[in-house]
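Reader: I am new to this structure and would be grateful for an introduction to its salt bridges.

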Amino acid sequence: MQDSKPDNDILLYFPIYDRFYEPTPKGLLQHFDGVTPEFNNTDFKIIVQTMLDKGYSFDYISDRQMANLTVNNKQIQTGGVAYKTILVSDNKTIPIETFEKLTQLAKAGATIIFHNKFPKNVAGFGHFLEKEKRLKTITEGLVFTENKVLGTKETLIGNGKFIIGENLESILSVATVQRETMLDKGLKFVRKKYTKGNYYFVNNDSGKDFEGWVNLQTAFQSAALYNPMTGTLGMAKYSAKTQEVYLQMMAGESLIIQTNNALENGTIYPYFKTKGNPQELTGTWKLTFTEGGETLPKTIETNSLGSWTNTAGNDYQDFSGTAVYTHQFKNPNTSKTGYWIDLGKVAESAKVSVNSMVLGTLLGPTYRVFVPAKLLKSQNIITIEVVNSMANRVIALEKKGVIWQKFYNINVSARLKENLGKEDYFTTKNWQVRPSGLLDKIIFTAVEVAW
């Protein structure tokens with residue numbers, strides 16, 4: 001992903017002069033570190049959120065950066081990256097130099113989009129009348145053709161054009177900008193370009209497992225998949241004709257799709273389907289505390305998994321660190337491919353090994369790992385190292401009156417009023433002990449290769 005360039009379609013003009021135009025409460029200095037609350041209820045903020053929700057890919061562009069843009073084959077060029085269009089939100093003001101640059105880019109072949117209407121005023125009071133005249137000279141000389149079906153207006157300027165319209169999707173479609181429809185399925189993405197095709201970093205943000213075809217807005221001849229957490233990689237199931245890739249993703253899981261402009265072959269990425277009914281790993285679990293503090297609680301054995309803080313004794317409630325669960329189980333012998341081990345709810349992270357082979361470190365929200373059938377013997381040992389939150393340790397320290405904050409309310413910001421203690425220190429006095437460890441049943445499910 002680092003050895004690639006952005007592949008976004010839209011340059012969105014950042015309306016900094018609209019913010020300068022607005023008075024600040026009590027004369028306070030505004031801070032600009034993104035689309036801050038000061039932009040709330042502005043057209044700029046609304047279209048930003050709309051594009052994020054709909055799957056349009058964009059970058060921001062400032063007035064100073066705009067001055068360095070060029071056009072090649074109707075594509076807007078900057079920093080070795082090409083864009084299809086520049087989008088200007090419904091702004092009150094714009095520097096005359098920026099508007100004139102937009103006109104120059106259009107004459108050179110670029111497509112420039114204005115949402116709703118042109119900015120009415122030029123920015124700044126210096127030489128205001130002269131700049132206002134220059135703006136009117138450009139805008140009043142334009143003749144637009146209306147598309148009543150799409151609700152857009154369009155005017156040719158040299159080899160390019162200006163487009164104005166109220167419906168964002170309509171004006172973007174006129175500029176041949178298509179959205180990535182995977183957003184409709186709860187999948188978020190970052191798209192980048194490399195020498196042979198595209199990379200898509202895809203995250204399943206739907207809150208549930210996803211399986212199905214995903215359409216891509218970039219043409220390709222072949223596609224591969226890579227799981228950055230497990231290292232699994234291989235050729236995807238894909239259709240170059242329909243520009244689709246088939247994905248299997250757990251809730252919260254991320255995958256990288258690598259498309260290629262040429263036909264490539266290789267090992268197939270593993271797709272699985274369940275075989276038979278899930279089974280619980282029942283029997284005795286041994287829980288040993290190996291690292292952390294304040295003290296290491298005594299080893300316990302249990303037939304029922306749950307938070308170790310439910311065990312009697314302050315040592316278990318106050319402990320933050322690493323605890324190791326071990327359990328012996330028989331080989332189910334129901335699959336020649338392998339099995340999913342689903343840990344259910346975990347607080348907070350888990351490293352899973354079977355017969356001393358590390359299968360993966362799980363960070364959630366889904367705690368599921370694949371066990372190859374060839375790894376299993378007639379009798380097997382599963383080891384799960386769980387690290388809980390540091391919250392319980394901090395709560396215990398405060399109960400004892402220990403001052404653990406090393407810096408005055410800066411590296412640990414209170415953020416919430418209820419976390420603000422005496423002398424304005426961050427405090428955990430209102431916190432409850434957090435659940436820790438394996439909190440649910442461990443489920444074993446046989447799977448086989450889907451194709």
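Predicted model: local features only at pLDDT ≥ 70, side-chain atom pairs only at ≥ 80, totals over all residues.

Author: Residues are numbered from 1 along each chain as its sequence is written, and side-chain values use heavy atoms, with hydrogens and water left out.

Reader: How many salt bridges does the structure hold?

Author: A salt bridge is a side-chain nitrogen of Lys or Arg within 4 Å of a carboxyl oxygen of Asp or Glu. The number of salt bridges in the structure is 16.

Reader: Which helix holds both Glu130 and Arg134?

Author: The side chains of Glu130 and Arg134 form a salt bridge at 3.4 Å, N to O. Helices (H or I, at least four residues) and strands (E, at least two) are DSSP runs, numbered from the N terminus. Because Glu130 and Arg134 are four residues apart, about one helical turn separates them, and the helix that holds them is α5 (residues 128-139).

Reader: Is Arg368 buried or exposed?

Author: Arg368 meets Asp342 in a salt bridge (3.7 Å, N to O). The pair links distant parts of the chain, with Asp342 in strand β27 and Arg368 in strand β31, 26 residues apart. Buried means under 20% relative accessible area, exposed over 50%, and partly exposed in between (1.4 Å probe, protein chains only). Asp342, at 24%, is partly exposed, whereas Arg368, at 18%, is buried.
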